[in-house]
Amino acid sequence: GDRASLQAVARGTKVDIQAALSPGRAALELGLGSRSTEGRHAWKEAEEAELVRLLGEAPYRQRVLGSASLDYRRLGEHFRKSESVVRKKCWSLAMKERIEKGLGEARCSDGHGAGHGYGNDGQKGTQSGAVTAEKAEKAEETDFPTDITGNASISPVPTKRKWLDEENKEMQRLVESEAYRIELGVQEEGSKSIKWSALAKRFHNCKAGQAQKKFQALKSLARTNGGVMKKDRKQNRKHHQKKVAYKWMIVTVMSNFSELRGTALDIFAAIEAHDDFRGQLDTSIAPGTQQVPRWRTQVRKTLSAEKIFVNSGTKVDRETVWQMDMAAVVDLVADNPKQRT
C-alpha cells in the first residue's frame, strides 16, 4: 500500500513507486488509460484544415455533410466532437482570421509588403484587389461574409447590418403579404419556404443570413404585438385622457359599499356601472396580458399605492378585501380642496 511504500522510503529502501500505485492510478500516471493527456477537445492540424474548408465551401459541405447549410450538429458528428466544441472552434478560427486580416491591412498601409489580397504583387493576393468571377460565384454560394477579394470568410457569425426605415417598411410588407412574396419570386406558390438569397437581393449589400434574421424578427413581432412594431406602437400611443382620477372613482364607489369594504372585483363592477365613469375608462389591453384592460390594472395599482385604501388582511375568492379609511379621505380633501370627490 502507499503507507508501506512511504515507510520503506523512510527506511532508505529502494521501491518501485509505480508498482506501489493501484493499477488504475498507474495507468493514469503513465498516460496508458482512456484519458489522454492531449485532451478530448484538441484539434489536429488536418482536422482544423478540414473544418476551414467545410466552413468556406458550400459545395464541399454538401458533398461531405449532405447539406450546404451550416449545421453544427452534423459538423460535430463528422469530427466526432460535441456541438459546443465545434462552435467554440469556429469562433476561434473567425477571431484568428480577423486578427490576421487586420495585421495584413496594417502591413500594406506601412508599405512593408502585401497581405492576402491587398497588394499589387502579393503572391497570395489578386492583382489590384480585383474580384474574379469565380471567387464572386464562390462567395455567392456561401452564407458567410466575404472580404474584398471575394474570398468567403470562415466566420459563422453574420455581420450586423443597419436597416433603413424604407427597408424596414419593405420587409414588413414582405412579412405580411404572401402574395407580394410570390410576386417578387421570394416564395413559390404553394410552398411555405422562403428563398432567403432572393429576399436578400431586394436590399442593398444584404446577405441571406441577415435577411432571414430580419424577416423572422419582424414576423415574431407581428405575432406578439398584433402586427405593430413595439417602437411604432409606443410612438403612436397617446396618453389616455379622463376627467376623474382613478383614485376618486374608487372613493366614490366605495363610499356606497357596506362598511366601506370591498374587493377589486367589486370596485371594477361598480365603476363600470357608474354612468359618469364608464366613458372615461381606458379599455385598451394592458401590455403583457391577453384581455386585461388598462384601467383595471391602474385601479389595482392605485389601491396598493394610496394610503386611504388599507389592506384588511382578509381575502374573498383569493381577492384581497380593501378597507377605505374615511378619516384619511377627509384629511386628503382638506389638504387638497381642488381634488375632485
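1. **What you are looking at.** This is a predicted model, in which local features need pLDDT of at least 70 and side-chain atom pairs count only at pLDDT 80 or more, while totals for chains, interfaces and linings use all residues. Residues are numbered from 1 along each chain as its sequence is written, and side-chain values use heavy atoms, with hydrogens and water left out.

2. **The overall picture.** The protein chain has 18 helices and three strands; helices (H or I, at least four residues) and strands (E, at least two) are DSSP runs, numbered from the N terminus. Of its 341 residues, 31% count as buried. Take the contacts (heavy atoms within 4.5 Å) between residues at least 6 apart in sequence: 48% of them join residues at least 24 apart.

3. **The sheet.** The three strands of an open sheet follow the order S1-S3-S2, with antiparallel pairing. S1 and S2 are the edge strands, each pairing on one side only. On average, neighbouring strands of this sheet are turned by 35 degrees against each other, direction ignored; the axes are lines fitted to C-alpha atoms, for helices over the stretch in contact, and angles run from 0 to 180 degrees between N-to-C directions. As background, strands of a sheet pair through backbone hydrogen bonds, either parallel or antiparallel.

4. **Strand S3 and its partners.** Two strands pair if DSSP finds at least two bridges between them. S1 (residues 261–263) and S3 pair in the antiparallel sense over three bridges, and Arg261 stands opposite Gln323 in S3. S2 and S3 also run antiparallel, joined by five bridges, with Val316 opposite Glu319 in S3. S3 is mostly covered, as five of its six residues are buried.

5. S2 and S3 form a hairpin with two residues between them. Arg318 has a positive phi near 65 degrees, although it is a residue other than glycine. Asp317, which is not a glycine either, has a positive phi of about 55 degrees. Asp317 counts as exposed because its relative accessibility is 72%.

6. **Helix H17.** How far apart are the end C-alpha atoms of helix H17? They are 16 Å apart, which agrees with the 16 Å that its 12 residues (294–305) should span at 1.5 Å a residue. The expected span is 1.5 Å times one less than the number of residues. Buried residues of H17 are Arg294, Trp295, Val299, Thr302 and Leu303. They pack against helix H14 (246–254), helix H15 (264–273), strand S2 (309–316) and strand S3 (319–324).

7. **The nonpolar cores.** A nonpolar core is a set of buried Ala, Val, Leu, Ile, Met, Phe, Trp, Tyr and Cys residues joined through side-chain atoms within 4.5 Å. The largest has 23 residues, and those with the most contacts inside it are Ile250, Met254, Ile267, Ile271, Val299, Leu303 and Phe309. H14, H15, H17 and S3 each supply at least two residues of this core. H14 gives the largest share, seven residues. Not counting residues up to four places away in sequence, Ile250 touches Ile267, Ile271, Val299, Thr302, Leu303 and Phe309. A second, separate core of 14 residues includes Val186, Leu199, Phe203 and Ala211.

8. **A buried serine in a loop.** Ser67 lies in the loop between helix H5 (58–65) and helix H6 (72–79). Ser67 counts as buried because its relative accessibility is 15%. The side chains of Ser67 and Ser69 are joined by a polar contact of 2.9 Å. A polar contact is a pair of N or O atoms within 3.5 Å; within protein, one must be able to donate a hydrogen and the other to accept it, and residues adjacent in sequence count only if both atoms are side-chain atoms. Leaving aside its neighbours within four places in sequence, Ser67 is in contact with Arg61, Gln62 and Arg74.

How values were computed
Buried < 20%, exposed > 50% of the residue type's maximum accessible area, 1.4 Å probe, protein only.
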